[in-house]
Amino acid sequence: MDEVLLRGLTPGVLTILVRRGADFAAAEDAVQDALVEAVRVWPADPPEDPKGWLVTVAWRRFLDAHRSETARRRREERLQGEPEPGPVPAADDTLHLYFLCAHPSLTPSSAVALTLRAVGGLTTRQIARAYLVPEATMAQRIARAKRTVAQVRLDRPGDVATVLHVLYLIFNEGYSGDVDLAAEALRLTRRLSTEIDHPEVAGLLALMLLHHARRAARTAADGALVPLAEQDRSRWDTRAIAEGVRTLQAALARDRLGPYQAQAAVAALHADAPTVEETDWVQIVEWYDELLRLTDSPVVRLNRAVAVGEADGPRAGLAALADLDATLPRYTAVAAHLHERDGDLDTAARLYSEAAHQASDAAERDHLTRRAARLHHRRQR
Amino acid sequence: MAKYLLLKHYRGAPAPVNDVPMDQWTPEEISAHMRFMQDFADRLEGTGEFVDAQALAPEGTFVRFDGEGRPPVTDGPFAETKDLIAGWMVIDVDDHDRALELAAELSAAPGAGGRPLHEWLEVRPFLTAPPTVTE
């Protein structure tokens with residue numbers, strides 16, 4: 001049984017239940033039950049119409065739960081009017097579900113958890129494992145998220161940017177457990193791009209495809225981080241790159257630039273270079289300038305300084321860096337790199353050690369420690 | 001979405017405001033303290049922020065490799081060790097401010113006289129996995 005196919009049916013089934021009058025929280029629970037049941041039953045007895053099967057089972061679960069709840073409260077009343085199981089509409093409206101699960105009233109971690117469950121069709125246990133928290137904690141996080149959006153109506157679109165941010169967060173979490181969150185984010189973004197025609201959705205999809213394409217080359221056999229400049233480019237996924245570039249070009253042609261398209265453009269220029277020496281750094285700097293116009297953030301300025309260092313030389317990069325706050329994450333690592341390129345190896349070695357001490361992820365810390373060790377070692381020889 | 005370790009020290013942290021050793025509290029005060037800790041953990045599970053909580057025995061053994069085929073060398077416990085960890089709580093929260101807020105709440109656990117301890121807790125971020133988007 002194809003689990004991804006099964007999960008792909010989740011949002012459609014859920015919206016049908018909601019349209020039939022089930023409240024979102026109860027419908028979502030019922031769909032989870034139906035998914036678990038499908039995993040149990042389908043391998044031996046695959047249904048002809050998988051979606052219809054899920055709708056029927058989920059609706060029955062919903063009614064059972066609703067009945068027992070009602071019975072507890074008011075035993076004399078019985079829920080009437082079960083709809084006929086009739087034909088299931090082919091087109092489903094999962095778009096509103098995306099908006100609901102990324103609703104601005106939710107904290108980022110709750111929006112992420114709710115999106116993975118209600119739109120992604122993952123079980124609470126899978127989400128808990130992916131984020132390395134106990135299942136009970138994740139269950140509570142999802143239950144709270146559902147309570148928070150209980151009063152939100154499911155009938156009008158919200159802000160696409162909030163949805164894209166949640167998908168970006170999931171993608172950036174990468175791969176930490178038995179669920180590949182980057183691949184899951186890619187799947188959900190691809191699906192979103194079929195639900196809504198929006199250049200920034202396409203921009204995020206392109207960004208994900210282009211970064212995902214490099215995944216095999218990002219880590220060495222021993223698990224160490226391989227920086228972009230040192231990656232074996234023959235290991236990049238050319239099909240994903242081609243799709244990413246195509247998606248990006250179509251989006252850019254719409255002439256409604258946004259931050260995800262600009263970031264994807266930077267990634268596309270890296271993907272386009274057969275060797276690191278052939279990277280078009282001048283164009284990359286121009287895209288960072290665009291990005292700064294769209295979202296002036298210190299992180300973008302820091303990345304721009306790296307690109308300036310490559311386009312116009314390390315001194316120019318250091319000059320660009322001088323305007324920035326030295327307490328920014330990765331500032332010291334960038335300064336170390338620019339000093340190394342400038343030939344000041346003593347300063348670079350000292351800064352690499354300092355940057356390793358400040359690193360917020362273990363792979364980055366190890367990478368920077370190796371850089372420092374390499375320079376220290378070279379000086380001793 | 002970041003994990004933090006809230007570290008409680010037996011020794012090594014600055015003295016709490018309500019600085020009376022636990023063995024001099026009344027049994028009721030000890031029970032109230034334990035109940036507070038349990039309620040706090042339960043509440044964090046309810047908010048979807050709880051990961052783990054453990055207490056450690058105060059005395060441990062130092063061990064080191066002593067060469068192939070030789071038994072490990074052990075030493076200690078060292079009564080004079082400056083820093084001693086009593087236990088920890090691991091939380092998974094949206095940001096650093098939230099971690100500080102929760103640590104401060106935990107620091108208000110009741111001690112002697114039922115008054116808050118105001119003990120110093122150390123908040124340490126976990127190193128994360130590398131992000132997927134790198135430039």
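This report covers aromatic ring pairs and charges over rings in a predicted model.

## Ring pairs across the structure

Over all chains, a search of the whole structure finds four aromatic pairs. Among them is Trp42(A) with Trp53(A), whose ring centres are 5.3 Å apart. The planes of Trp42(A) and Trp53(A) meet at 75°, and edge-to-face pairs are those over 60 degrees, so this pair is edge-to-face.

Trp42(A) is in the loop between helix 2 (24–41) and helix 3 (50–73) of chain A, while Trp53(A) is in helix 3 itself. The pair therefore ties together parts that are 11 residues apart in sequence. Trp42(A) has a relative accessibility of 6% and counts as buried, because buried means under 20%.

## A pair within helix 3

The rings of Trp59(A) and Phe62(A) also pair, with centres 5.1 Å apart. Their planes are at 40°, so the pair is tilted. Both residues belong to helix 3 of chain A and are three residues apart, about one turn of the helix.

## Charges over rings

Another case involves Arg214(A) and Trp236(A). The charged end of Arg214(A) sits over the ring of Trp236(A), 5.7 Å from the centre of that ring.

How values were computed:
Residues are numbered from 1 along each chain as its sequence is written. Chains are lettered from A and ligands numbered from 1 in the order in which they are written. This is a predicted model: local features need pLDDT of at least 70, side-chain atom pairs count only at pLDDT 80 or more; totals for chains, interfaces and linings use all residues. Side-chain values use heavy atoms; hydrogens and water are left out. Rings of Phe, Tyr and Trp (its six-membered ring) pair if their centres lie within 6.5 Å; planes under 30 degrees apart count as stacked, over 60 as edge-to-face and the rest as tilted. Helices (H or I, at least four residues) and strands (E, at least two) are DSSP runs, numbered from the N terminus. Buried means under 20% relative accessible area, exposed over 50%, partly exposed in between (1.4 Å probe, protein chains only). A charge sits over a ring if NZ of Lys or CZ of Arg is within 6 Å of the ring centre and within 35 degrees of the ring normal.
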